[in-house]
Amino acid sequence: MPLAPQAAPAHARRTYVPEENRAGTALCLSGGGFRAALFHLGAVRRLYELGILEDVRTIVAVSGGSMFAAFLADRRNEWFGQALDAHAWEAKIAEPFRRITSRDLNSIPLLIGWLPWNWFNNKGVEAFARACERRGLTRQTTLTLPARPRFLFEATNLVNGASWIFARNDDRPPQTIALAVAISSCYPGFFRPYTKYRPERIALADGGIDDNRAVEPVWRTHERILVSDGGDVLRPQWGNSILWSLVRAARVLWNQSQVVHKRWLISNFVAGQMTGTYWDIEGSAMHYLPQPGRLQYDGYTPELARDVISTIRTDYDAFSNAEAAVLENHGYLMANAGAQAHLAIPRPTPLRVPHPAWMNEADVRCALRNSARKRYFRRRT
């Protein structure tokens with residue numbers, strides 16, 4: 001039986017207990033570079049077909065998820081309130097976004113940020129933002145973001161360890177969403193934190209440091225939470241240098257926090273404290289309990305998802321056509337399974353897998369055999 005909010009102390013209710021009058025649906029798009037962004041592209045495609053996306057009140061995103069969220073916000077009038085068929089969605093949303101991911105995005109900004117005379121300024125992050133704008137990712141500012149759905153772009157303030165949210169705001173000077181995306185994606189060790197000293201001292205970095213599933217801004221206020229998780233997982237690795245042990249220890253600590261967060265999220269769904277659904281890149285549609293009369297949901301096998309798809313690099317280098325197609329398929333099928341198993345579907349529609357030619361698992365294994373390797377300065381188109 002769910003615990004009554006009044007059972008917790010007043011200070012705890014303000015932080016750790018959902019509000020009593022929660023309302024609306026929130027869609028949370030995790031971090032994970034272009035890998036996560038393409039996974040979310042497929043997931044959102046299926047949510048749109050099922051009629052779920054039009055009911056989403058808030059879309060919150062971090063890091064790689066913020067890439068696709070910014071693109072979706074920029075083209076909001078193309079899909080919101082529209083009745084796009086599969087061909088129109090492909091032409092207006094999917095194909096243009098895959099084109100963005102087919103070229104290296106952050107190698108030059110990384111170099112700019114590491115120039116000795118830029119070590120103590122924001123030039124690297126600002127170059128990343130300009131690259132996002134040139135690529136056609138977004139032209140929005142915090143003054144022009146749509147009011148519905150509301151878009152939140154999450155970063156981490158390293159000064160106090162809390163989330164920092166970029167959202168529609170009419171009371172402050174406008175901030176470009178391209179810069180918000182770049183800040184949300186600037187992973188420590190690669191990009192210097194984005195710093196300002198007035199009116200308060202801040203040092204903003206990758207939103208995934210604090211909240212890689214983008215759940216924190218909405219779980220207390222929204223009635224239903226949909227979580228698309230394309231983030232990284234810790235895999236066995238060996239090294240014998242001091243530097244390796246330090247970096248590895250930090251990654252183990254971060255991974256443990258992610259495991260605890262995932263355990264908290266799913267246990268709250270199971271206990272009825274929260275409603276919604278969760279799908280992740282390492283999972284398989286076969287893990288979901290199907291509706292009566294079905295043996296399982298359609299999707300890639302657990303072995304392929306675990307051993308191949310979830311090992312694809314989490315970066316902003318150029319992604320091949322095969323990598324993009326498989327990730328979009330996987331997100332599409334995972335969102336379908338999560339929605340069918342745990343949500344009321346307003347508009348049931350048959351599956352239209354975005355890239356049916358890439359459903360053969362032998363072909364996928366062959367095409368993605370080197371996809372864990374980063375490819376700096378690689379431009380495909």
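Where is Pro149 found? The points below answer this and go on to the rest of this predicted model.

1. **Pro149 and its bond.** Pro149 sits in the loop between α7 (123–134) and β3 (150–157). The peptide bond leading from Arg148 to Pro149 is cis. Its omega is near -10°.

2. **A cis bond at Pro199.** Arg198 and Pro199 are also joined by a cis peptide bond, with omega about 0°. Look for Pro199 in the loop between β5 (194–196) and β6 (202–205).

3. **Overall build.** The protein chain holds 13 helices and eight strands. Its C-alpha trace spans about 65 × 55 × 50 Å along the principal axes. A compact globule of 381 residues would have a radius of gyration near 21 Å; the chain has 20 Å, so the two agree. Of the contacts with a separation of 6 or more, 77% join residues 24 or more positions apart.

4. **Inside and surface.** Buried residues make up 52% of the 381 residues. The accessible surface comes to about 17,900 Å². Carbon and sulfur atoms account for 55% of that surface.

5. **The largest core.** In soluble globular proteins, nonpolar side chains tend to be buried together. Here the largest nonpolar core has 83 residues. Met67, Phe68, Trp79 and Phe153 touch the most other members. Helix α2 (residues 33–49) gives the most to this core, with nine residues. A second, separate core has 16 residues, including Val62 and Trp219.

6. **Met67 close up.** Which residues does Met67 contact, leaving aside neighbours within four places in sequence? Among them are Phe34, Ala37, Phe97, Leu105 and Tyr316. Cys132 and Ser185 are also in contact with Met67.

7. **Positive phi angles.** Ser63 is not a glycine, yet its phi is positive, about 50°. Ser63 belongs to helix α3 (residues 63–74). Is Ser63 buried or exposed? Its relative accessible area is 6%, under the 20% cut-off, so Ser63 counts as buried. Ala214 is not a glycine either, and its phi is about 60°. Ala214 lies in the loop between α9 (208–211) and β7 (224–229). Ala214 is buried, with a relative accessible area of 0%.

8. **Ile345.** This residue is in the loop between α12 (321–342) and α13 (361–367). Beyond its neighbours within four places in sequence, Ile345 contacts Leu50, Ile52, Ala339 and Gln340. Ile345 and Asn118 are 51 Å apart, C-alpha to C-alpha. In sequence, 227 residues separate Ile345 and Asn118.

9. **Charges.** The chain carries 47 positive and 35 negative side chains. The centres of the two sets lie 4 Å apart.

Terms used:
Residues are numbered from 1 along each chain as its sequence is written. This is a predicted model: local features need pLDDT of at least 70, side-chain atom pairs count only at pLDDT 80 or more; totals for chains, interfaces and linings use all residues. Side-chain values use heavy atoms; hydrogens and water are left out. A nonpolar core is a set of buried Ala, Val, Leu, Ile, Met, Phe, Trp, Tyr and Cys residues joined through side-chain atoms within 4.5 Å. Buried means under 20% relative accessible area, exposed over 50%, partly exposed in between (1.4 Å probe, protein chains only). Helices (H or I, at least four residues) and strands (E, at least two) are DSSP runs, numbered from the N terminus. Contact means heavy atoms within 4.5 Å. The radius of gyration is taken over C-alpha atoms; the globule rule is 2.2 Å times the number of residues to the power 0.38. Accessible areas come from the Shrake-Rupley method with a 1.4 Å probe; for residues, only the protein chains shown count as cover. Lys and Arg count as positive and Asp and Glu as negative; His and the chain ends are not counted. The place of a charge is taken as NZ of Lys, CZ of Arg, CG of Asp or CD of Glu.
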